[in-house]
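Here is my note on the model you sent. Please read it with the coordinates open.

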Amino acid sequence: MDGLIRSLKAMIKALFVTTLIFSCCNAPLSEGSRHGDTFAFTKPTYKATVREKTARGVVESLDMMGMWLTSETKYAVYSVISGGQGIRASKKIVGNFVFLDLNTRFLNTNREVLIKAITADMKKEVFCTVFIQVLDINDFQPLFPERPYAVTIGEDTEIGTTIAHVQAIDSDRNSENTRFYYSFSDFTNIFAINPTTGAVTLTSLVSHETQSVHSLKIRATDRKAALSRSAQPKETTLTVTVRTANKHAPKINVHYTDFYTFSNVRDRSNADRLTYAILEINDPDSGRYGRTAMPRITKSDAGDAFQIQPSGNGNEYLLQFRQEPPSVNTVLNVTVEVSDRGYPPKISSAVIHVRLYDRQAFIPVFEENPFRFQVSEFSPPFTQVGFAQGRVKDTSKPHNVRYQIEAGNEEGVFAINENNSLITTTARLNRNAQSEYRLTLAVTNTNLVGGDATSRTTVVVSIEDANDKDPVFTENSYEARISEDVPKGTAVINLLADDNDFGKNGSVLYSLVDAAEMPFRIDPFNGTIFTTQLLDFDTMSKSIFNIRVRASDRGTPFSRRSESYVTVQVTNTNDNPPTFDKADCTVSVPVTAKNGITVLALDPVEIDRNDVVHCSILSGSRGMFTVDPATCTVRITRAFRSARVGTKVIMKIVASDGEFTSTPVAVNITVTPSTSAEHCRNTGALARLQQSLNSRILHSTQQKIEVNFNTTSELPNNFAPVVKRRDTFTHIEVAENVEVGTIVASVDASDADSGFNGMLWYTIISGNNEGCFTVKTQTGEILIARPLDRERTSEHSLRVRVSDLAAVAKETVVMLGFVVTDVNDNAPVFDSEVYSFELQENVPVGYSIERNIHAVDIDEGQNAQIRYSIPTSTADSKFAIHPVTGQLKVTGSLDRETIEQYRFNIIATDGSPNQPLSSSTTVAIRLADVNDNPPRFYRPRYRVRIAEDLPVGTVIFWLQAHDPDAGDNGIVRYSLTDGLTNRYDRKTMFSVDDRTGAIRLAAALDYRVQNRYNITARARDSKHLVTTCFVEVEILEVNRNLYPPYFLQRNLKIAVSEDAAIGTPIRTVSAIDDDEGGREKNVGYSIVDGTGLGVFTINENTGTITTLRTLDRETEQFYWLTIVGKDRAPYPLSDHMFVLVEVTDVNDNAPYTDKPVYYASVEENSPIGSPVITIIATDRDTGTGSNLTYRIINNRSYFTIDPKTGRQSH
């Protein structure tokens, strides 16, 4: 039993699994699952259009405006919330879509409309925005203003001048509807009008006498209306009045006055105003047209710094500075305008380039401030002090610079060369009187007008001390007394000599002359005399010394000196003890000698001579002898009577001057019987004293004093300077390019005197006007001080003075003649900056131009020989020049039309063999015309593209031919010779103005008749020389597509069976086009959008819709197609429609259960007929769901199923 049950369960399971596998595929999608059940518009915003002024306008959009059909949208209500005045919203259900339809009446402005959709139960609402553009229709014609146009032109108005503009207004909004053409109602070849801008142009010359007024009718035609033959052109009138020509504008001739160089440019009536230019105004017209107004300044780089004033001389006016011009180095542009009295006036203007100078660049400025020079006081008059030169910064023009001494030269000891600033002395200088001069120098540019053109500087001239003063003692002679007892080195006297020179020249040294034997010396620096040894009045040969003292300075080149005498008296002092002329005396005295008898005279000697000597016995006299105190005589006293023969007395006697005591003298006295005798040693003291006295007396009688002997300035100047080789100075050649500082000559002189009397000083005293030379004052060498210029001065004659430096100088003068030899330092100069000639262009080769080219070289000799040449890079090998004469010759064929003017350089080179110099000038040769050329068009072929609807009379092209000949030879006349008619009826389509070349449209064009013209145009000159060109005129087709195609139905519903084969035609749609024919009427079709895009296709020519793939209603029941019908015009127009394709059903689907596998269970003891499970099945085909039959295909009689309900039981 259990086995049976298990078998039943397995069978049931197998049954349901099998059914699942068989029925679980191809379940269809419901409409709700495709579109969803949401309540919403297909887009939040839509773009739509409506034609203006439509009584019942339908708003159209390429988008399907609305909602997909659902249970909610089916009953939705559309309404306008905002922006919808005059707009009504409604719905229309087509297939599975609920369309939003908008209708309006006379909508003229674009709108933004807010739409609301609400469900029937009003529980849901959604919004969308529709932007409605109102499409313009061509319902307006262009209109002119009511007032007609008028213009006045001069008969001298140039061809091609736009003389007026007319303007019409078309109130349509679409640019296609606002296009219109301007044209003249009546043909005229004098004027042309631009068909699109309304600019009226003069195409021929007008004459006041021939026709003074031209009345032109101008029409404005709507181009689009003209194509539809509904145009209603509007007209206006342009009146052109031709007045007599004011043919010439005034001419402004500017005559510049260089206010830098000419003082007469000042306005005498207003001295602070400078005239920069004189304006000469001329107008060749007659009458009022030839009269001019006051010139005026219209533009100025300097604001109102300038003014124009009448000059008082007819048509001349003065351009003046209102005030002192600024000191800037620049160019100011002043635009001056003048008009004549014509109507309208002709105006001319001229730009005057006012060249302002930086005054500081023209005011000379000294190179130094201050200048410092030194001049020796030895310098005689005409000595060169130096150059105090000023420089002018500007080098563009010559400057007249003048120098002067303004202050500091009150004594007139200096002079200045006003041309070159060389300062010289005019008198001898004395440093003691004035050691420094401070000169105020002024330099003036006398060319510069207006304001102060002077600079100043200080020149400091220091007088250099020269040794021209002798030292001079303060006294003619000096006396001094000195005691003999002074120590060695005692100052005896201080001497002073003054020297008025300075420095070493005034530094005095002292010395003693012939002082070798004198006990004195002198301090060389301070003049103090000192003793050189101890003095002894008593022993010296003299007591008075006459000392010769010399004072010498330390100057150069020689020392100056003077001498004086100093008398020194040595005074005696008591500085020696008395002495005796006798010493060691032995005396024999007879015993019989009486009292008072002299036995010995000692002769005391007093060396100092002024003192009294007293003698006395120092010892040993025993009272027998006495000595006379004054005479020093020894006498016998009374006591001698007691003496006996043989008695010996030894005495010592001294002499005293009261201060000093002499050395004792021994006197040995022996008493003899009868004889007397004496014997003493002679000391020589007395002899020496006598000799000294005699010597003093001798020296006092021989000495003679000369005061100030041998003073330098008093030395005799015996000889004058002598110049050697004078004959060599008369012709000295100096090259003009010799460098500054070069020695070019040397004056060799000598003076037989010595010292200062023989020292020479050289001075240039005349002939050095340009300051080119200077002389070394002590050597006589002549040097170059400034550059020479032979072309300025070829010879210089200098007078050189040679003088000695004695107190009373002697001098001689020598003449030096300098000849400046030429150096090639000047290039040739042409007599004209530009040589201008005029030649006929047909002159033959070899023709010589009459006027020669000429240049001058101010050098001399070979340096001045000039040769002419033309650089190989100029003149195009058409001209040559004779190298010596400068004559020009034509060497090649000339053609004015190829080159009208030749400008080339001529080079003039001098004949220097070493470094030749050259300069150049310009030759301008203008060729006069000969009529030898035909006119030439600028191009052989021209292409013109014009619209086919241009008005007749429109100028479509200007022929322009150029005749390179000049004047009447170049006047061109035009004509059309071929290609100007159409092929259809040979009508002439184009014409040309023979003078201006204006090609006009002579007849209406039609692109369909002929779309291209090849015109042959001819140009000829007065000699009937002819040239041709071709004008290819391409006609552009205009947009004749006036009406868009339209579908009669906006929405179309069609059906197709789902079993339709691919390519099955299901419907043909067609649009109607109201254009006349051609491409504008031929409509093509396309599918541009929709759910059926790619499922269906449409034949672009026939509009037949066919299937593109297999259909399946159960997959998709509805397809939407957006079909566009567009014409084939160049500017196509279109319309659209929405097509709903519904797929009809075919029974092509089997039923399927709602579950792939069913699982069921049953009680094993359940009664028969008990329900087990219910099977639910569906069929995707339409209408067959209720006809399904259920059965068990593998039943073993255990179960049964209801064939209609699918209920299974056992």
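This is a predicted model: local features need pLDDT of at least 70, side-chain atom pairs count only at pLDDT 80 or more; totals for chains, interfaces and linings use all residues.

1. Four strands make up an open sheet, ordered β25-β32-β31-β28. Its pairing is mixed. The edges are β25 (371–376) and β28 (401–407). Each has a single partner strand, so one side of each lacks a neighbour in the sheet. On average, neighbouring strands here are turned by 30 degrees against each other, direction ignored.

2. The β25 and β32 pairing. β25 and β32 (residues 454–464) run parallel and are joined by six bridges. Within this pairing, S376 stands opposite E464 of β32.

3. Which kind of pair do F371 and F373 form? Their ring centres are 6.2 Å apart and their planes meet at 10 degrees, so the pair is stacked. The cut-off for stacking is under 30 degrees. F371 counts as buried because its relative accessibility is 3%. F373 is buried too, at 15% relative accessible area; the limit for buried is under 20%.

4. The sheet with β53. Another open sheet has four strands, in the order β53-β60-β59-β56, again with mixed pairing. Its edge strands are β53 (732–735) and β56 (760–766), and each of them pairs on one side only.

5. The β56 and β59 pairing. β56 and β59 (residues 795–804) run antiparallel, with six bridges between them. Y762 has V802 in β59 as its bridge partner.

6. Aromatic pairs overall. Searching the whole structure gives 31 aromatic pairs. One of them joins F144 and Y182. That pair is tilted, at 6.0 Å centre to centre and 45 degrees between the planes. F144 sits in the loop between β8 (125–135) and β9 (149–154), while Y182 belongs to strand β11 (residues 180–184). The two lie 38 residues apart in sequence, so the pair ties together separate parts of the chain. Are these two residues buried or exposed? Both F144 and Y182 are buried.

7. An aromatic cluster. W68, F97, F99, W1120 and F1138 form one aromatic cluster.

8. Charges over rings. Two arginines deserve a look. R431 lies over the face of F502, 3.8 Å from the ring centre. R560 lies over the face of F756, at 4.1 Å from the ring centre.

Key: Residues are numbered from 1 along each chain as its sequence is written. Side-chain values use heavy atoms; hydrogens and water are left out. Two strands pair if DSSP finds at least two bridges between them. Axes are lines fitted to C-alpha atoms, for helices over the stretch in contact, and angles run from 0 to 180 degrees between N-to-C directions. Rings of Phe, Tyr and Trp (its six-membered ring) pair if their centres lie within 6.5 Å; planes under 30 degrees apart count as stacked, over 60 as edge-to-face and the rest as tilted. Buried means under 20% relative accessible area, exposed over 50%, partly exposed in between (1.4 Å probe, protein chains only). A charge sits over a ring if NZ of Lys or CZ of Arg is within 6 Å of the ring centre and within 35 degrees of the ring normal.
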